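Please open the model in a viewer and keep a selection panel at hand.

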Amino acid sequence: MGADQLVYGRRPPVVTAARTAERLRVELEQYGVAADVHEGYGLALVSVWVELVVWTDGHWFRWRSGRTSTSGRPVYAFAPASDVVTAARRVAHRYGQLRRVHPCPPYLAGEGS
């Protein structure tokens, strides 16, 4: 059997923003980070925490890094969507930083009524 016959009929999975965002959401679970995926207009958002939303077009992830440029604009972190494991690790690190700044309110943590 030739190489052409092995590949014939197999199409690579279509890269969509929604699929890529879902892969990131699942990978974030490995770090104990819960997230929601929202999609539309060719983009998808992974809503992680206060001030942490990851955007993807299916090829790249981007999120606010927490730094600002000299002109006062937010600096964004980027990661290729082909490396979901590394992107999830970096997003989980940012999540940890933000959890210290914006802890979970008592009513969401089950401590209040």
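Begin with strand 1 and strand 2, which run antiparallel and are joined by five bridges. Helices (H or I, at least four residues) and strands (E, at least two) are DSSP runs, numbered from the N terminus, and two strands pair if DSSP finds at least two bridges between them. The model is a predicted one, in which local features need pLDDT of at least 70 and side-chain atom pairs count only at pLDDT 80 or more, while totals for chains, interfaces and linings use all residues. Residues are numbered from 1 along each chain as its sequence is written, and side-chain values use heavy atoms, with hydrogens and water left out.

**The sheet**

Select Val37 next; opposite this residue, in strand 2, stands Val46. Then display all the strands: five of them form an open sheet in the order 1-2-3-4-5, with antiparallel pairing. Strand 1 (36-40) and strand 5 are the edge strands, each pairing on one side only. From one strand to the next, the twist averages 25 degrees. Axes here are lines fitted to C-alpha atoms, for helices over the stretch in contact, and angles run from 0 to 180 degrees between N-to-C directions.

Move to strand 4 and strand 5, an antiparallel pair joined by six bridges. Within this pair, Arg64 stands opposite Tyr76 in strand 5. The two strands form a hairpin with five residues between them, and Gly72 in the turn has a positive phi of about 90 degrees.

**Two loops**

Which loop holds Tyr41? Tyr41 lies between strand 1 and strand 2, and its phi is near 60 degrees, a positive value in a residue other than glycine. Because its relative accessibility is 88%, Tyr41 counts as exposed; the classes are buried (under 20% relative accessible area), exposed (over 50%) and partly exposed in between, with a 1.4 Å probe and protein chains only.

Select Glu51 in the loop between strand 2 and strand 3. Glu51 also is not a glycine, yet it has a positive phi of about 65 degrees. Its relative accessibility is 53%, so Glu51 counts as exposed.

**The helices and the core**

Show helix 2, which lies across strand 1, strand 2, strand 3 and strand 4 and runs at about 20 degrees to strand 2. Helix 3 lies across strand 2, strand 3, strand 4 and strand 5, at about 30 degrees to strand 4.

Within helix 2 (residues 17-29), pick Arg25. Is Arg25 buried or exposed? Arg25 counts as buried because its relative accessibility is 19%. Its side chain is joined to that of Glu22 by a polar contact of 2.6 Å (a pair of N or O atoms within 3.5 Å; within protein, one must be able to donate a hydrogen and the other to accept it, and residues adjacent in sequence count only if both atoms are side-chain atoms). Not counting residues up to four places away in sequence, Arg25 touches Ala35 and Val37, where contact means heavy atoms within 4.5 Å.

Finally, select the largest nonpolar core, which has 23 residues; Leu24, Leu28 and Trp63 are among those with the most contacts inside it. Such a core is a set of buried Ala, Val, Leu, Ile, Met, Phe, Trp, Tyr and Cys residues joined through side-chain atoms within 4.5 Å. Helix 3 gives the most to this core, with seven residues. End at Trp63, whose contacts beyond four places in sequence include Val54, Tyr76, Ala87 and Arg90.
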